Amino acid sequence: MNTRAFRADVLLFITAAIWGLAFVAQRVGMEHVGPLTFNGIRFALGALALVPLTMTMERRRAPGAAVADRKRMAVGGISLGLALFVGASLQQIGLAGPQLAEFGLEASTAGKAGFITGLYVVLVPIFGLLLAQRPGWGTWVGAGLAVIGMYLLSVTADLSISFGDMLVLVGAFFWAGHVLLVGKLSPGLDGVDAIKLSTIQFAACAILSLIGAVATEEITVSGVIGAGPAILYGGLMSVGVAYTLQVVAQRDAQPAHAAIILSLESVFAAVGGWLMLGEVLTTRGMVGCALMLGGMVLSQLKP
């Protein structure tokens, strides 16, 4: 086996684990702060975490290397930040158990949110139809399996779905749009400028989240301190460390391998929710998760 490819797969596996367990941190953080406060601080930390990496890569940049247009970087980064803000906000509000309970609404669980968010893997090639792309049969079969799995996982016998699950589902569409936007903006960027673009989008998302938090949520020092470990994990590990690992790994990983391994994020979310939060899936829910994961993998094997 190619040593570099094997190392890349291992790093991607670690990345998926970090991202999956982040759903647990997001759920725990809601016990202390509001969803927009959590995201605002989390993405601010994520942006700051990428600054040292950007500076290091900038110093190693070859003399005379092409530099991306600043206006394109700014407009692109802000556009990505807006899409990220909507997707992340819907996901985080969907996980906000105490806040939704005040209105008599049911939140999503870490495990459910991980699988529902993972639907963006299937949605991306379908949305590609709008860009004159032609998805293969695997995409359509995968989408069918994912829809059936989503039904079994989240829709109850009386054909109702929790408010939190619905928000996370709508958020998955914005995650898919975010991926397509990245695909449109990233061609022609080298590693340094790609990370700069990510730093800008994280900063934009943080600013928008904090503006929303100040306008709609009560922010207290004790609350932020209480959510501190969850925020640090979500910001430094999920954004800073995991993103860096992904950048390093995808230099040597096969695209199909990378997509499939990263889709395991949803599995880690479910396992983390079970081990750390005591979340339990019914047999029906587990079958739904298996079908959704199968749909995600199939959509990448035969895109």
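Modeller: Happy to; we can go from the whole protein to some single residues.
Modeller: This is a predicted model, where local features need pLDDT of at least 70 and side-chain atom pairs count only at pLDDT 80 or more, while totals for chains, interfaces and linings use all residues. Residues are numbered from 1 along each chain as its sequence is written, and side-chain values use heavy atoms, with hydrogens and water left out.

Colleague: Good to know. How many helices and strands are there in the protein?
Modeller: The protein has 14 helices and zero strands. Both are DSSP runs numbered from the N terminus: helices are H or I with at least four residues, strands are E with at least two.

Colleague: And how much of the protein is buried?
Modeller: Of the 303 residues, 49% are buried. Buried means under 20% relative accessible area, exposed over 50%, and partly exposed in between, using a 1.4 Å probe and protein chains only.

Colleague: Let's switch to helix 13. Which of its residues are buried?
Modeller: They are E265, S266, A269, A270, G272 and G273. Seen down the axis of helix 13, these buried residues fall within an arc of 165°, so they line one face of the helix. The arc is taken from the directions from the helix axis to the C-beta atoms.

Colleague: Why would one face show up like that in a sequence?
Modeller: An α-helix has 3.6 residues a turn, so residues three or four places apart point the same way.

Colleague: What is exposed on the other side of helix 13?
Modeller: W274 and L275 are exposed there. Just after helix 13 comes G278, with a positive phi of about 70°.

Colleague: New topic: how many aromatic pairs do you count?
Modeller: Two aromatic pairs. Rings of Phe, Tyr and Trp (its six-membered ring) pair if their centres lie within 6.5 Å; planes under 30 degrees apart are stacked, over 60 edge-to-face, and the rest tilted. F13 and F268 have ring centres 5.3 Å apart and planes at 75°, so that pair is edge-to-face.

Colleague: Where do F13 and F268 lie?
Modeller: F13 is in helix 1 (residues 3-29) and F268 in helix 13, so the pair ties together parts that are 255 residues apart in sequence. F13 counts as partly exposed, at 42% relative accessibility.

Colleague: Last one: is S198 buried or exposed?
Modeller: S198 is buried, at 7% relative accessibility. This serine sits in helix 9 (residues 191-216). Leaving aside neighbours within four places in sequence, S198 is in contact (heavy atoms within 4.5 Å) with L50 and Y243.
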